[in-house]
Each structure stands twice: as structure tokens, then as C-alpha cells.
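The following paragraphs lead through one protein structure, from individual residues to the overall fold and back. Please keep the sequence and the coordinates at hand while reading.

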Amino acid sequence: MDIKIDFENSDLELKDGDLVVVSGDDCIKQQVKTGLFILPCDWFINITKGINYFQGFRNDDKRLKAQIKDAIKSVEGVDRLGKFSFDGSTTNWKVNAIIYTANSEIEINAETPLGERYAN
């Protein structure tokens with residue numbers, strides 16, 4: 001179980017003034033998408049966690065894709081990664097994947113606007 005995130009507004013989701021929670025496959029999907037937004041040093045509990053989009057990996061698709069795949073597979077509940085694609089041709093990088101859990105198949109479509117942080 002996790003607190004639900006509104007990815008459109010980059011905020012916690014509220015309903016009638018209360019936090020909304022997610023569980024099961026929705027929680028796994030949210031944790032995968034959240035992991036795609038984390039950069040090294042973003043999370044004070046583990047500064048090594050995150051995808052190093054900027055420190056030279058942007059020009060090394062093979063290493064960047066490997067880090068993204070590792071981040072997806074490291075989420076608790078993800079049994080394996082199926083179809084995977086990454087488009088880094090713009091500042092809004094796109095990740096599409098199929099992940100498999102013990103009971104289901106989950107489609108991930110994430111657009112990470114992280115490039116906007118460093119576009120200038």
C-alpha cells in the first residue's frame with residue numbers, strides 16, 4: 001500500500017480532504033513510475049538510488065536503458081520485464097514497458113520531463 005500520487009500535478013492525490021491510497025498492481029505501477037523520476041541524490045535515504053540521466057549516460061543509450069530496466073525490476077512485486085522501449089530524442093523522455101507480477105501483466109507508459117530540469 002502507498003499514498004497515491006497525481007503524476008499530472010506532481011502532488012499527492014486527495015479526495016474529500018483525505019489522502020488516497022493505492023495497493024496491489026496499482027501500487028506496483030505507481031512505484032515503477034516514481035522510480036523513473038528519481039535522480040541520484042534526490043532521495044536522502046539512499047542517495048545512490050535513481051537513474052543517472054545526465055552524468056554522461058544521455059549519450060550512452062545502452063547504459064541508460066540498462067539503468068532504467070534495473071530500476072523497473074528492482075520494484076517489489078515485479079517478477080519480470082517484458083516489452084521495453086525508451087525514446088530519449090526529446091527532453092521529455094518516454095518509457096513504455098510491460099511488467100509481469102505474480103498475478104498480472106501491467107503496462108507502463110511514462111513520460112519523464114526530467115530533461116526540462118537541465119535544458120538551460
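This is a predicted model: local features need pLDDT of at least 70, side-chain atom pairs count only at pLDDT 80 or more; totals for chains, interfaces and linings use all residues.

Residues are numbered from 1 along each chain as its sequence is written, and side-chain values use heavy atoms, with hydrogens and water left out.

Gly 77 belongs to the loop between α2 and β7. Here helices (H or I, at least four residues) and strands (E, at least two) are DSSP runs, numbered from the N terminus. A contact means heavy atoms within 4.5 Å. With neighbours within four places in sequence set aside, Gly 77 is in contact with Ile 28, Tyr 100, Thr 101 and Ala 102. Gly 77 and Ile 99 are 22 residues apart in sequence, and their C-alpha atoms are 9.8 Å apart in space.

Lys 73 is located in helix α2 and is partly exposed, at 44% relative accessibility. Apart from neighbours within four places in sequence, Lys 73 is in contact with Val 78 and Leu 81. Lys 73 and Tyr 100 are separated by 27 residues in sequence and by 9.8 Å from C-alpha to C-alpha.

The overall fold comes next. The protein has two helices and nine strands, and from the N terminus on its elements follow the order β-β-β-β-β-β-α-α-β-β-β. Of the 120 residues, 30% are buried. Among contacts with a separation of 6 or more, 36% are accounted for by residues 24 or more positions apart. The accessible surface, computed by the Shrake-Rupley method with a 1.4 Å probe, where for residues only the protein chains shown count as cover, comes to about 7800 Å², and 45% of it belongs to carbon and sulfur atoms.

Which residues touch the most other members of the largest nonpolar core? A nonpolar core is a set of buried Ala, Val, Leu, Ile, Met, Phe, Trp, Tyr and Cys residues joined through side-chain atoms within 4.5 Å. In the largest one, which holds 21 residues, Leu 36, Tyr 53, Ile 68, Ile 72 and Ile 99 touch the most other members. The elements giving two or more residues to this core are α1, α2 (61-73), β7 (80-87), β8 (93-100) and β9 (105-112). Strand β8 gives the most, with four residues. Ile 72 touches Val 32, Leu 36, Val 78, Leu 81, Phe 84, Val 95, Ala 97 and Ile 99, not counting residues up to four places away in sequence.

Helix α1 (residues 24-37) includes Gln 30. Gln 30 is buried, because its relative accessible area is 5%. Beyond its neighbours within four places in sequence, Gln 30 is in contact with Asp 2, Ile 3, Lys 4, Ile 5, Phe 7 and Val 22.

The cysteines give a further point of comparison. Is Cys 27 buried or exposed? Cys 27 is buried, with a relative accessible area of 6%, whereas Cys 41 is exposed at 55% relative accessibility. A disulfide is a covalent bond between the sulfur atoms of two cysteines. With a disulfide taken as a pair of cysteine sulfur atoms within 2.5 Å, the count comes to zero.

Most residues other than glycine have a negative phi. Cys 41, in the loop between α1 and α2, has a positive phi of about 80 degrees although it is not a glycine. Asp 16, which is not a glycine either, has a positive phi of about 55 degrees. Asp 16 lies in the loop between β4 (14-15) and β5 (18-19) and is exposed, at 75% relative accessibility.

The last stop is a surface feature. Met 1, Ile 3, Leu 12, Leu 14, Leu 19 and Val 21 form a nonpolar surface patch with about 600 Å² of accessible area together. Patches are made of residues with over 30% relative accessible area and no salt bridge, where like charges are joined within 9 Å and nonpolar side chains (Val, Leu, Ile, Met, Phe, Trp, Tyr) within 5 Å. A salt bridge is a side-chain nitrogen of Lys or Arg within 4 Å of a carboxyl oxygen of Asp or Glu. Met 1 lies in the segment before β1 (2-3) and counts as exposed, at 76% relative accessibility.

Methods:
Buried means under 20% relative accessible area, exposed over 50%, partly exposed in between (1.4 Å probe, protein chains only).
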